[in-house]
Each structure stands twice: as structure tokens, then as C-alpha cells.
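User: Hello! I am new to this structure and would like to learn how to read it. Could you take me through it step by step?

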Amino acid sequence: MAAEFRWSGQQVLDEGLGAAPVLPGMRGLLRSVRVPEFAGTVFHEVEAKSALNRVPGASRMPFTWTVNPYRGCTHACTYCFARNTHTYLDFDAGADFDHQIVVKVNVARVLERELRSPRWAGEPVAMGTNTDPYQRAEGRYRLMPGIIGALARSGTPFSVLTKGTVLARDLPQLAAAAADVPVSLGVSIALLDRSLQSRLEPGTPSPAARLELVRRIADAGLDCGVMVAPVLPLLTDSAEALDALLAEIAAAGASGVSVLALHLRPGTREWFLAWLAREHPGLVEPYARLYRRGAYVHAEYRRALAERVRPLLRSHGLDRGVGMPRTPTVEGARTPPAEQLALL
């Protein structure tokens, strides 16, 4: 059973890997913690053996390496594409993904060691591609400052994609790192409707708070792209809704926008469609048709969305994409859909 702790009493151990074999595929458990600020959530603190993760060569991701200080995410986004990765730990892809959070407390120290290896070629590293490094717990665990410092000192370019306003804490360090290495920052904002957002992404900061984060990043002299992802068919994909969202993003000072339609991978598919049946039962059958071929929405829908979005991006001066490399991203008819990067 997880112990009950106050955050102020937390100490990260420096000696040895924990030995408890409690989480399959993730040895090194130090302790499991419940805290009053996160009712119903357990944080499994582990000492990881590695920090850098190589992206499989067959992936459509535009980067080769990632760092994920957390597994699972209290953002609890119903559509998060990473949900099924939790099953590797014998957790489920639904409630466990939202409430059983693995914290790699030694990740910065391990990363520093890996970056010193003569085999490390300084390739770009992406963060926020699986679970959000700036989810709420980062405000207490403070793993990202060590990660940012290690990457900057080693001359490694990096990107961060987040929904978490905790990133504002690290803006001075990120600005300093950007003087030495290429740094790409992205904020994920899928919609403006606060009522719908609070049901879709119950653990995330509001759209207004994330727009303010974009402003703060721009005010710090850093480019900030925005991921409008995922676009939800028949819910958030009207020209009017997208135009209003892009107008707010432009006003906040974003340097570019990438727009991606909802993906429904195994694990995510079941969880999201259960939410849809509860919240919008009339859309269950239309979604079954749109996603009848698997995780990606039907090509005709992607073509229609691309045609709708392109002129809106141009009109708001946002037709510059997000992340590494910096290229405009709108899912189109002849281009295979990029992986959804929302934490998403």
C-alpha cells in the first residue's frame, strides 16, 4: 500500500537503484507515495537505469531521441495517444494512466552521465512526446531544471511540448539554454470551449492559462509554437471554432501552429469512445465510420480538414509549424499523418 506523505518531507536518494520488483518493466522502485494535493493518485518513485530513449526507426516522429521523466499523466486527457504504454507496467490504459504515475527521480543524473558518453552524437532530444514533463507534479519534483541543464551543458538541441503552465518557472533557464543550443518550445491547445475542455482534459490548465503561457514564452524572447491537437471531428473542427482559436493563439504571440486530427490507437480508442458514449452518444456511430480503418481518421476527413485549416493559418500568420524540424504541419490528402504529439 502506498504511504501517505507531505511533499515537504520528500527526499531523493543518491545511493544505488531501488531493488523492489513491484512494477514490471520498471525496476528500481524506491517508494509509492500518496499526497493530499492529488486525491486518488499514487506516485511511484523509481531510480531509472537510463534516461535517453531511442525512437524506433519506423516511427513517423521527426526526432530520434526522447526523455520522459514521468510515465502516466495527471492531465487525464481522454484522447491521450500514450495511454497504452501504461499496460507495459501491468497498469490499465484508463484510470491507472491518470492516477498511477511513475516518477524517475534520478533522471537528470542519469541523463548527465549518458550525455558524457563518447558515443553521444548530440542529436536533438524531444520531451513531451509521451507524457507531459510539466504535469502538475513537476511543481514539486523539479526534475526538468536538471534535465535542461544537462542538455544545455552537453550542447544537445532539445524541444519541449507541454500543456503545463509549470514551464513558466523554468523560462529563465530555458532562455539561457537557448543562447547555447537550439531550443524549441511548444504549447498544446486543442480548443477554447472551457466546458468541453474541462471534461476532455480534466487535469490540465485552462485554455486561457495556456494562452498566457504562450505570451510569457514570447515575452522571454523565445519562439513558441502551438499544437492545435487533437482536432475532434464534429466537436471542435468547425471553421468558426478553429478561426476563433487561431485568432487567440496569434494574439498571444505564437510563432507557428501545427494542426492534427484525433488519433485513436488501442487503449486510447476504448477510453475515448467510452467517454464519447457518455457525453455525446449521438456521435458514436459517426466516429465508428470515421475511424473504421484503425487509429487514423478517414483520408477524406483529413483532406477536408486540411482545406479548412490552410487559409485560416495564412490569415492569422501562423503557417509555420512546431518543433524539430520547423515545418508547417497540416494533415493532408497525400501526406501520411504525423504522429499526434499532444499530452498530452
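Analyst: Gladly. Let us start with a word we will need: contact means heavy atoms within 4.5 Å. This is a predicted model, in which local features need pLDDT of at least 70 and side-chain atom pairs count only at pLDDT 80 or more, while totals for chains, interfaces and linings use all residues. Residues are numbered from 1 along each chain as its sequence is written, and side-chain values use heavy atoms, with hydrogens and water left out.

User: Which residues of helix 4 and helix 5 meet?

Analyst: Helices (H or I, at least four residues) and strands (E, at least two) are DSSP runs, numbered from the N terminus. From helix 4, Pro145, Ile148, Gly149 and Ala152 meet Gln173, Leu174 and Ala177 of helix 5. These contact residues divide into 5 nonpolar, 2 polar and no charged. Here Ala, Val, Leu, Ile, Met, Phe, Trp, Tyr, Cys and Pro count as nonpolar, Asp, Glu, Lys and Arg as charged, and the others, Gly among them, as polar.

User: How do I describe the way two helices pack?

Analyst: Two packed helices are described by the angle between their axes and the distance between the axes. Axes are lines fitted to C-alpha atoms, for helices over the stretch in contact, and angles run from 0 to 180 degrees between N-to-C directions. Helix 4 (residues 144-153) and helix 5 (residues 171-178) pack at about 10°, with axes 10 Å apart. Helix 4 and helix 5 are therefore roughly parallel; angles under 35 degrees count as roughly parallel, over 145 as roughly antiparallel, 65 to 115 as roughly perpendicular and the rest as oblique.

User: What about helix 2 and helix 4?

Analyst: The axes of helix 2 (residues 107-115) and helix 4 cross at roughly 10° and come within 8 Å. That makes helix 2 roughly parallel to helix 4. Their contact residues divide into 7 nonpolar, 1 polar and 2 charged. On the helix 2 side are Val107, Ala108, Leu111, Glu112 and Leu115, which meet Gly146, Ile147, Ala150, Leu151 and Arg153 of helix 4.

User: Now for the strands. Is strand 10 mostly covered or uncovered?

Analyst: We need "buried" for that: under 20% relative accessible area, with exposed over 50% and partly exposed in between (1.4 Å probe, protein chains only). Strand 10 (residues 183-188) is mostly covered, with 6 of its 6 residues buried. Val183, Leu185 and Val187 are buried on one side, and Ser184, Gly186 and Ser188 on the other.

User: Which way do strand 9 and strand 10 run?

Analyst: Two strands pair if DSSP finds at least two bridges between them. Strand 9 (residues 158-162) and strand 10 run parallel, joined by 5 bridges. One of the pairs is phenylalanine 158 with valine 183 in strand 10.

User: Where is alanine 76, and is aspartate 90 buried or exposed?

Analyst: Alanine 76 is in the loop between strand 6 (70-71) and helix 1 (95-99), and aspartate 90 is found in that loop too. Alanine 76 is buried, at 12% relative accessible area, whereas aspartate 90 is exposed, at 62%.

User: How many helices and strands does the chain have?

Analyst: The chain has 11 helices and 13 strands, and buried residues make up 56% of its 344 residues.
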